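This report looks at ring contacts in one model. Please view the sequence and the structure first.

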Amino acid sequence: MPHGYTGNILHVDLTHQTTTVETPDEAFYRKYMGGSALAMFYLLRDMPAGADPLGPDNVLVLALSVLTGAPLSGQSRMTAAAKSPLTGAIGDSQSGGFWPAELKFAGFDAIVVKGAAKEPVYLWVKDGAVEFRPAAHLWGRITGDAEDAIKAELGDDKIEVLQVGPAGENQVRFAAIMNMSNRANGRTGLGAVMGSKNLKAIAVRGTSKVEVADKQAVSDLARWGAQNLPQSNITGLSKYGTAETTGANQTIGSLPTYNYNSGVFAEWEAIDGTTMYDTILKGAEDGKQDRLGRDTCYACTVRCKRVVEIQEGPYKVDARYGGPEYETTSTFGNYAGINDLAAIAKANELCNQYGMDTISCGATISWAYEAYNAGKLSKGDTGLDLTWGNAESMVKLTEMIAKREGFGDILAEGSARAAEELGRGLGDYLITVKGQELPAHMPQVKKSLAVIYATNPFGADHQSSEHDPAVEADFETFKDRLAMIGVNKQLPKRSLDAEKIDFAVKTQRLYSALDSLNLCQFVFGPAWQLYGPDQTVETVRAITGWDVTIDEIQELGERRLNMLRAFNAREGLDRKEDKLPAKLFKKALKGGASDGFKLDEDEFEAALDTYYEQSGWDVETGNPSRPTLERLGLGWVADQLKM
Amino acid sequence: MVITLKLYSTLREKLPPEARGQATLDLHDGATLDDLLAHLDLPKRVVISVNDEHEPDLTRRLNSGDLVRIFSAVGGG
Ligand code: SF4
């Protein structure tokens with residue numbers, strides 16, 4: 001009996017409505033461990049190059065890791081991966097909740113979905129058994145309603161439901177895959193992939209337990225976490241949510257405002273996490289929000305998820321759809337100059353009901369706001385007044401996108417495609433990389449993000465490396481943990497030299513490993529997180545019994561990154577696509593601590609050279625080289641690339 | 001010398017709950033941000049603005065009427 005994993009990979013053929021179970025050996029699990037790396041194995045092996053992302057040839061993998069379901073904080077997470085309909089590159093996205101642990105208890109480490117069903121179906125996975133069930137009656141229903149209907153017809157309230165909402169059915173290019181109706185595999189449009197396959201949902205229920213190698217060590221780690229949480233650097237995040245960072249970002253000039261034209265928003269305090277805690281978190285009226293206004297993932301003591309309830313006013317919000325994170329208060333807030341927290345919570349609720357990525361949705365809307373305020377879009381185009389700060393239009397547009405109504409139908413294609421379709425120089429206002437909209441951490445301020453955003457295989461991502469402050473102002477606090485992954489020197493503010501790239505590459509490998517171990521990046525990481533790199537190693541050892549080292553974990557991260565890049569190379573992408581939005585170089589930020597900041601082309605291109613070199617990739621193309629792939633045990637991938 | 005102080009997220013817990021993070025403080029003339037952090041028993045790893053401008057220098061002397069906001073420093077998210 002393996003420790004930590006079930007040994008079963010479920011393959012689902014939707015076209016023929018058949019399933020098979022593959023049982024890879026231990027060496028396979030040790031090499032890929034789970035999540036994103038494991039998903040990449042199947043995508044590279046089973047998907048033909050050049051597949052239409054919204055066609056039956058696309059393969060959608062939902063993968064857990066060898067740690068998922070163990071009794072420890074931060075382990076109930078899951079990777080969704082497929083070719084992205086938003087970027088045409090690899091799509092990869094992480095989510096937490098209870099579904100990941102439940103799938104493990106039901107007997108599977110991953111589900112590989114191929115083909116497409118003729119009519120809407122959903123899968124019912126229970127303790128190793130799999131059933132295809134008709135879903136025509138669920139099609140068109142918002143997530144909460146569909147979740148209730150599935151639980152009712154299967155007669156078990158403990159079932160966990162992963163699903164697409166109407167936006168995924170409508171193939172909105174940034175549609176999300178939802179679970180619990182409030183957790184999202186948000187980025188890269190994988191909900192549209194699931195929708196294109198006519199797969200409405202995957203309901204799971206399992207009664208087995210995860211066997212761990214060293215129970216005592218796992219419970220020691222859990223106890224240490226619970227004891228240290230109150231004094232840790234994530235205690236604020238657990239109580240006030242990720243939006244607690246709004247004020248600090250405002251202060252350092254890293255709160256993207258007016259579609260990334262400024263790093264400060266005068267009305268930031270109205271949408272800050274502390275304000276959310278005091279006002280719209282469920283239970284806030286009676287001071288009971290710590291009990292009622294926070295939710296969690298399976299076995300996680302941190303309880304960082306927001307639960308917002310609004311019963312009065314123009315924007316009523318149902319608590320079952322959770323509450324906004326910092327990314328969401330930013331993209332629906334400061335990105336378009338909007339200071340109405342209730343409207344932001346409403347947009348978040350709509351995204352969770354219809355199943356859409358709040359980052360791409362909000363940022364696509366803010367792109368339209370900039371074009372409108374520059375006089376390049378009119379009310380005739382949009383049907384709505386998009387003056388900066390107009391909260392009502394933002395909420396309306398969110399719904400119109402999900403339903404593909406009116407101007408929303410154009411925006412449902414994502415801002416890059418919308419700019420191309422509309423012409424008129426609207427590309428000047430884009431804040432996209434590979435067609436995916438930028439998250440709310442500014443590369444003009446935290447400069448290593450310029451390189452990570454540009455090169456990240458699935459488009460700009462803020463959770464793929466540690467951010468610069470850890471090695472700049474906060475280095476003293478985190479130096480012991482950073483030293484564990486070979487980062488040993490404090491660096492000057494806003495540097496982008498080889499030492500900064502070294503920091504980015506090494507922390508990127510650890511984050512990449514976390515996405516393959518499916519560990520939450522608030523709980524595990526190289527700096528401010530609850531557990532450091534040494535405890536990440538201890539966790540893998542305790543659960544699996546494998547004698548892993550930090551070097552093996554870092555190599556896992558590197559392996560996964562190389563597989564992602566190799567997938568893109570196979571699709572014909574290379575260094576040419578590793579581009580940042582032009583406005584980040586051309587337009588200086590206005591106001592606050594980042595006034596005048598912009599990126600420098602020469603410095604950026606030199607940093608890219610260094611990044612590829614340090615990654616062992618070809619500097620001309622930015623693609624993995626055969627020696628690097630072979631060193632990582634990926635010779636078979638090099639063969640596929642015919643290199 | 002009287003300043004207005006605003007603390008956010010967990011830092012608010014240094015003040016009584018009814019203050020909701022806001023207080024008027026009487027400090028000795030010439031007090032610096034360092035003195036203020038020591039007075040409040042706050043860590044040095046925080047992000048501070050004085051009159052809504054970022055102030056990374058903890059030796060900064062405060063003036064009567066200043067508005068000092070203090071935030072936890074958190075990465076990522
Ligand atoms: S820290 Fe938050 S997001 Fe991460 S596992 Fe725990 S509750 Fe879920």
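Tyr29(A) is buried, at 1% relative accessibility. Tyr5(A) is buried too, with a relative accessible area of 8%. Buried means under 20% relative accessible area, exposed over 50%, and partly exposed in between (1.4 Å probe, protein chains only).

This is a predicted model: local features need pLDDT of at least 70, side-chain atom pairs count only at pLDDT 80 or more, and totals for chains, interfaces and linings use all residues. Residues are numbered from 1 along each chain as its sequence is written, chains are lettered from A and ligands numbered from 1 in the order written, and side-chain values use heavy atoms, without hydrogens and water.

Rings of Phe, Tyr and Trp (its six-membered ring) pair if their centres lie within 6.5 Å; planes under 30 degrees apart are stacked, over 60 edge-to-face, the rest tilted. Tyr5(A) and Tyr29(A) form a stacked pair, because their ring centres are 4.0 Å apart and their planes stand at 20°. This pair links distant parts of the chain, 24 residues apart. Ring pairs also join both tyrosines with Phe28(A), Tyr32(A), Phe41(A), Tyr42(A), Trp546(A) and Trp636(A) in a cluster.

Charges over rings come next. The rule asks for NZ of Lys or CZ of Arg within 6 Å of the ring centre and within 35 degrees of the ring normal.

| Charged residue | Ring | Distance to ring centre |
|---|---|---|
| Lys209(A) | Phe105(A) | 5.5 Å |
| Arg494(A) | Phe597(A) | 3.6 Å |

The model scores ipTM 0.97 and pTM 0.98.

Notes
Helices (H or I, at least four residues) and strands (E, at least two) are DSSP runs, numbered from the N terminus.
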